[in-house]
Amino acid sequence: MADMISLEEARALVLDHMKLLPTETVPLLESIGRVAACDQTSDMDVSPFAHSAMDGYAVFAADLQEASEGNPVRLSVLAEVAAGDVFEGAANSGECVRIMTGAPLPEMFDAVVKYEVVRVVSGDGAGGSVVEFVAPTEVGLNIRQAGEEAHAGDVVVSAGEVITSAGAGFLASCGVLEVPVYRRPRVAIIATGSELVDAREVPQAGQIRNSNSYALAACAQAAGAVPEMLPVVRDSLEALENALEDATKRFDFVVTSGGAANGDFDYIKPAVAEKGELFMTTVNMRPGKAQTFGIVNGTPVFGLPGNPAAAYCGFELIIRPALRKMQGFMTFDRATTVAQLARDVKKRDPRRLFMRGSLVKAEDGALSFIPANNQSSGLFGPIQRSNCLAMLPEFETGVFAQGTKVTCVLLDVPEGVVL
């Protein structure tokens, strides 16, 4: 096992050990944002009948072939057809019907002329009226044909597609009200450290609130997983081994924070090695060098650093893609863009640096990255006020001058979005 691997190697290593979770069938609304586990088909033609695309008049297109301002064509209105009604009468050349949006098109007619361009000569425009047309029309104009969106038996959502809100409407129109999707991963969140107390408590001397569990649980939830915050584990190898033994038997993924470095009370690496198989301990990135990954009882275990920014970056860049793969998603990378540094930045560490900060757009459309004033890995606040992570390359140190172009990972843009 290499002492330190690149971020790309770390992601590939972790993703390679991720497996699709079993499927479950959920009500349609609960499937939004999740991945269809199998093809979904329509139980009927959508729409089941040809209907008008707008309010107007259903006509024979041939009747209006010679219509113009100088040669208006007058037609008799037989009836009015509202949405939900059906016109069952007969019609001949020289006749039309008033029709509303969504109403079934009487089968003898072959075009609909929108209401706004038709003149009412006598009556109120409904049945018994005479109306006038001053322009020709085309066969099929303003008509939505039967089966235009789907035919009975057609695949309307394919396996692997992410179901959207529009997809929910489409599936409902096709009679699909329950959808097989991949199960959401159940994620155990375990903070380690004898100094930690519950966030509801007022810390005493030498204590701090357990905030990491809340942040990591929120990250897991945002990634589509179902997190559960487990009790804090004190600084003891035996206590951590016991916690891992229990969590890996009950959850699909285990995330710990703290104890990932090489200090006297850092136990996640020996605990994973003792209880399972250890694959990774350090990644060439800052913040977040100390990151542990292994498998215990067949369950992925990921040990993040205790510093908030280091834990957050490790989760977003490595764990989030892993959780997405378990749910059947095909895209793992957040969108990136290139921006100019808004001010000089000094880089002392040769590791790849992820700076927290914000993208802003100038009047000329150029993007600038404004680094957060405080880049300490121990702070949550700058991340709360950031919308991206700017990457400065590994193996390079020194001053990156204002105007230098940097790649930014967009934290507020979903995976798969093309900019």
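A: Happy to! Strand 24 (residues 352-361) is mostly covered, with seven of its ten residues buried. Buried means under 20% relative accessible area with a 1.4 Å probe, protein chains only; strands are DSSP runs of E, at least two residues, and helices are runs of H or I, at least four, numbered from the N terminus.

Q: What kind of model is this, and how are residues numbered?
A: The model is predicted, so local features need pLDDT of at least 70, side-chain atom pairs count only at pLDDT 80 or more, and totals for chains, interfaces and linings use all residues. Residues are numbered from 1 along each chain as its sequence is written, and side-chain values use heavy atoms, leaving out hydrogens and water.

Q: How many bridges join strand 24 to strand 26?
A: Five, and the two strands run antiparallel; F354 stands opposite M391 in strand 26. Pairing takes at least two DSSP bridges between strands.

Q: And strand 19, parallel or antiparallel to strand 24?
A: Parallel, joined by two bridges, with R286 opposite L353.

Q: What do strand 24 and strand 25 form?
A: A hairpin with five residues between them, where G365 in the turn has a positive phi of about 90 degrees.

Q: Switching topic: which residues of helix 5 are buried?
A: In helix 5 (residues 268-275), they are I268, K269, A271 and V272. Seen down the helix axis, they fall within an arc of 165 degrees (taken from axis-to-C-beta directions), so they line one face of helix 5.

Q: What covers them?
A: Among others, helix 4 and strand 17, counting contact as heavy atoms within 4.5 Å.

Methods
Buried means under 20% relative accessible area, exposed over 50%, partly exposed in between (1.4 Å probe, protein chains only).
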